[in-house]
Amino acid sequence: MKAEIIAVGTELLLGQIANTNAQFLSQKLAEVGVGMYYHTVVGDNAARLYSVIEQALERSDVLLFSGGLGPTKDDLTKETVARVVGRPLVEDAGAMARIEKYFERRGIPMTENNRKQALVVEGSHVLPNDHGMAPGMAIEYDNKLIIMLPGPPRELYPMFTEYGLPHILSCMNENVVVHSKVLRFFGIGESALEEELMDLIDSQTNPTIAPLAADAEVTIRLTARAADVAEAVRMIENVEEQIEKRVGSYIYGYNSDSLASVLVQLAANRGETVAFAESVTGGLVSQMVTSVPGSSAALRGSIVCYTNQVKHDLLGVPNEVLASEGAVSAEAARIMADEVRVRLGSTYGVSITGEAGPVAGENKPIGLVYIGVSSADGTRVMNVQLSGTRAGIQIRAAKHALFATLERIKKGGC
């Protein structure tokens with residue numbers, strides 16, 4: 001099946017918002033083996049939208065619309081689709097009841113134009129909107145499938161997952177379950193990971209193997225189609241076992257895990273704590289950790305020691321070291337890690353000091369970062385040379401610090 005996404009909204013053409021809906025829909029359809037052939041963006045213009053729909057019907061089997069289902073005059077998607085397929089718009093009683101209850105709960109009067117949101121193309125399969133007002137629709141027309149979804153991602157994502165995708169699968173005459181598992185990697189780049197797994201990726205059928213790179217991380221999504229979840233899990237486990245044999249040392253977590261959440265869970269389970277001394281990251285590592293529920297069980301505290309004076313006053317880094325070696329140095333990182341551990345009474349002390357730019361200081365290259373991890377068994381310092389923007393270097397430095405700490409905790413502080 002050939003699929004096409006038609007995103008409707010002048011704000012998309014003007015670059016005022018990003019088309020994240022298309023990314024989401026493409027990923028979801030790829031997981032069930034529906035090929036995405038075209039992404040189209042069209043403004044709030046009925047004539048141009050009509051032309052786009054006609055063209056899409058000639059070349060695609062599944063048309064997915066996002067946006068243009070709201071109450072205003074520039075919301076034109078269902079009116080234009082109705083013209084193309086030659087069917088009238090009718091009021092859906094269930095959708096109208098949901099809209100009325102929405103306003104009743106908030107104690108505000110419903111304006112008449114909101115009735116427009118309850119209109120659906122006659123004969124369509126209505127997709128309930130559990131997170132908004134405008135319902136979605138699925139229409140079979142001329143051996144093609146047309147799916148209309150609301151524009152806001154908080155409405156589109158759950159609607160498509162709960163109602164849209166199952167409807168597409170039912171139209172494919174397949175009684176299947178689609179199940180996925182995400183493997184999360186750190187310390188290996190996307191190209192290097194693909195090189196290690198190239199034969200598996202090239203021969204993939206079911207389950208599918210989908211690598212995706214993010215800041216300093218790589219994920220692999222394994223997706224299986226099977227008669228039930230148990231069978232899909234078994235199929236995924238077979239492929240996962242092959243991947244782990246080759247690159248298992250780089251896997252730090254699964255599914256919704258993050259470096260911070262895995263660190264918090266591991267440290268808390270062992271009754272251990274961590275304290276951070278952050279210079280170049282300015283508190284970013286601590287923010288990542290404290291965003292994890294229950295992080296108070298693992299995080300003892302942090303010191304943001306951005307200036308040399310604070311490094312000296314709060315962490316006791318000697319002025320001689322700062323003058324001779326510099327704040328961005330292995331020796332400064334070692335002392336910072338040791339001192340934050342002792343002064344805050346934690347199991348591990350972690351330091352991050354480096355140069356994020358845009359102007360280099362201390363004659364150190366931009367992107368040079370030192371990370372120290374201290375425990376009662378000693379202190380280890382590593383350095384990495386990062387690239388990118390200032391913000392990018394800070395994010396990558398924070399993740400390297402989390403990973404270094406995680407690896408140290410796994411080894412029991414040794």
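Which way does α2 pass α6, in a left-handed or a right-handed crossing? I looked this up first.

**Before starting**
I am working with a predicted model, where local features need pLDDT of at least 70, side-chain atom pairs count only at pLDDT 80 or more, and totals for chains, interfaces and linings use all residues. Residues are numbered from 1 along each chain as its sequence is written, and side-chain values use heavy atoms, with hydrogens and water left out.

**Entry: α2 and α6**
I found that α2 passes α6 in a right-handed crossing. Right-handed means the near helix is turned clockwise from the far one by less than a right angle; left-handed means anticlockwise. Helices here are DSSP runs (H or I, at least four residues), as are strands (E, at least two), numbered from the N terminus. The axes of α2 and helix α6 (residues 153–171) come within 11 Å and cross at roughly 25°. Axes are lines fitted to C-alpha atoms, for helices over the stretch in contact, and angles run from 0 to 180 degrees between N-to-C directions. So α2 is roughly parallel to α6 (angles under 35 degrees count as roughly parallel, over 145 as roughly antiparallel, 65 to 115 as roughly perpendicular, the rest as oblique). I listed residues that meet, including Phe24 and Leu25 of α2 and Tyr157 and Phe160 of α6. Contact means heavy atoms within 4.5 Å.

**Entry: α9 and α14**
Next I took helix α9 (residues 259–269) and helix α14 (residues 390–410), whose axes come within 9 Å and cross at roughly 25°. That makes α9 roughly parallel to α14. The crossing of α9 with α14 is left-handed. Among the residues in contact are Leu263 and Leu266 of α9 and Leu402 and Phe403 of α14.

**Entry: α7 and α8**
Helix α7 (residues 190–202) and helix α8 (residues 229–247) pack at about 145°, with axes 10 Å apart. Their crossing is right-handed. Glu196 and Asp199 of α7 are among the contact residues, as is Arg246 of α8.

**Entry: the largest pocket**
How much space lies in the largest pocket? I noted about 420 Å³. A pocket is an open set of points on a 1 Å grid over the protein atoms alone, where a 1.4 Å probe fits, with protein on both sides within 12 Å along at least five of seven lines; lining residues have an atom within 4 Å of a point. Grid points are joined across faces, edges and corners, and the volume is the space filled by probe spheres set on them. Of the 17 lining residues, the closest to the centre are Gln27, Ala210, Leu212, Thr219 and Arg221. β10 gives the most to the lining, with seven residues.
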